[in-house]
Amino acid sequence: MIIAAADRISHVKTYYFAQKLGEIRQRNAQGANIINLGIGNPDLMPAEDTIKSLINAAVEPGNHGYQPYKGIPQLRKAFSDWYAAIYGVTLDPGSELLPLIGSKEGIMHISTAFLNPGDEVLVPNPGYPAYASAARIAGAEVKYYELHGETDWQPDLESLAKQDLSRVKIMWLNYPHMPTGALAQKETFEKLVAFAQKHQLLLCHDNPYSLILNPNPLSILSIPGAEEVAMELNSLSKSHNMAGWRVGVLAGAEDYIQTVLKVKSNMDSGMFLPIQQAAITALGMSFQWHQAQNEIYAKRRNFAFQLMDLLECTYEKNRGGMFVWGRIPERAESGQVYSEWILNQARVFIAPGFIFGSQGSRYIRLSLCANERTYEEAIQRVKMLSVPQV
């Protein structure tokens, strides 16, 4: 006898990368030697002082017990200082910040805390698939809003305002945008805050890429009036090379934080104290440390541009984050077909854009989480091929 799964996951698919990376691991075990340029998994090390903080704290006998659901006060203070230094945003560390075990859990917590069956959620297309999945698991309905390269992947609020938004409760945003790399614009954020106030919906801005190849980091909470209608997720995964450490934060008004905390306090038992202490060290890293990381990413991006040129893709150079988003040549059937051909013929995996929504169907995405030698090898493999009529 097999017990049926819950209805709430009937429309939720296994994450594409979970399936594809499993396939790649299997093929590599058989000797395929596939180069993975598809996923944003930072390969650079956290700062040396961050690692030392973890090690030193981990050998202290009293540091292995349960911790507060809200994180230790010192970590909340470190996040508060970081937001002030990076974004010019003042946040009360006692009431307006909630450390998370990775910001991805925050997407699920927010959805569970605010959404009822029948509510609608505005999700960007293209965009991070987890926004839609979390909404569906919470019993809400997904309402996609399309982003277009012609308008720099910014939301068309005039078009949205003409739709029936009476059931919309949450609107997801993500700038610098994944997968396109489009940067945040203050004017867009101002319009979004006014839009949310008018239509009585909650803006949820996912902001993990703001320190990578982005000269002007911007928080939506810096916009006047945003505290009434917006929350922001942030993370150390990309900005501090700590993806596996699972350290994120939710920032927003006290009432919103308390609502999410009701869910979180029933889902985990606090973050490992040595990781919290190491995160405090990481948040204190100097501008020079971040600049050094960006110099590495900038060099890698030049190799990604070369690979996109070889594949006859068009792309924008003034983008942030750790990806390069390229439009495939018109003769190619789709980004998915093109990606599979490159994988099978050159043994190089490049993410197809369709996994981020229908607006990505004619795009592919390169990750900058591979060193220059790996990119050089990928370029040589692609050079050996004649670009197909796919």
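I began with His-177, which counts as buried because its relative accessibility is 4% (buried means under 20% relative accessible area, exposed over 50%, partly exposed in between, with a 1.4 Å probe and protein chains only). I am working with a predicted model, where local features need pLDDT of at least 70, side-chain atom pairs count only at pLDDT 80 or more, and totals for chains, interfaces and linings use all residues. Residues are numbered from 1 along each chain as its sequence is written, and side-chain values use heavy atoms, with hydrogens and water left out.

**Entry 1: around His-177**

I found His-177 in the loop between strand 5 (168–173) and helix 7 (186–199). Helices (H or I, at least four residues) and strands (E, at least two) are DSSP runs, numbered from the N terminus.

Which side chain makes a polar contact with the side chain of His-177? I looked it up, and Thr-180 does, at 2.8 Å. A polar contact is a pair of N or O atoms within 3.5 Å; within protein, one must be able to donate a hydrogen and the other to accept it, and residues adjacent in sequence count only if both atoms are side-chain atoms. I also noted a polar atom of the His-177 side chain 3.0 Å from the backbone oxygen of Pro-126.

Leaving out residues up to four places away in sequence, I listed Pro-126, Gly-127, Leu-147 and Ala-182 as touching His-177 (contact means heavy atoms within 4.5 Å).

**Entry 2: cis bonds**

Pro-126 came up again here: a cis peptide bond joins Asn-125 to Pro-126, with omega about 10 degrees. I placed Pro-126 in the loop between strand 3 (120–125) and helix 5 (129–137).

I noted another cis peptide bond from Met-178 to Pro-179, with omega near 25 degrees. Pro-179 lies in the loop between strand 5 and helix 7, where I had also found His-177.

**Entry 3: positive phi**

Gln-200 is a residue other than glycine with a positive phi, near 55 degrees. I found Gln-200 in the loop between helix 7 and strand 6 (202–206). Is Gln-200 buried or exposed? Gln-200 counts as exposed, at 72% relative accessibility.

Arg-246 has a positive phi too, near 60 degrees. I located Arg-246 in the loop between strand 7 (230–235) and strand 8 (248–251), and its relative accessible area of 28% makes Arg-246 partly exposed.

**Entry 4: helix 2 and helix 10**

Two packed helices are described by the angle between their axes and the distance between the axes. For helix 2 (residues 48–58) and helix 10 (residues 273–283), I read an angle of about 155 degrees and axes 8 Å apart. Axes are lines fitted to C-alpha atoms, for helices over the stretch in contact, and angles run from 0 to 180 degrees between N-to-C directions. Helix 2 is therefore roughly antiparallel to helix 10 (angles under 35 degrees count as roughly parallel, over 145 as roughly antiparallel, 65 to 115 as roughly perpendicular and the rest as oblique).

The contact includes Leu-54 and Ala-57 of helix 2 and Ile-275 and Ala-278 of helix 10.

**Entry 5: helix 4 and helix 5**

I saw that the axes of helix 4 (residues 103–114) and helix 5 come within 8 Å and cross at roughly 35 degrees. Among the residues that make the contact are Ile-107 and Met-108 of helix 4 and Tyr-131 and Ala-134 of helix 5.
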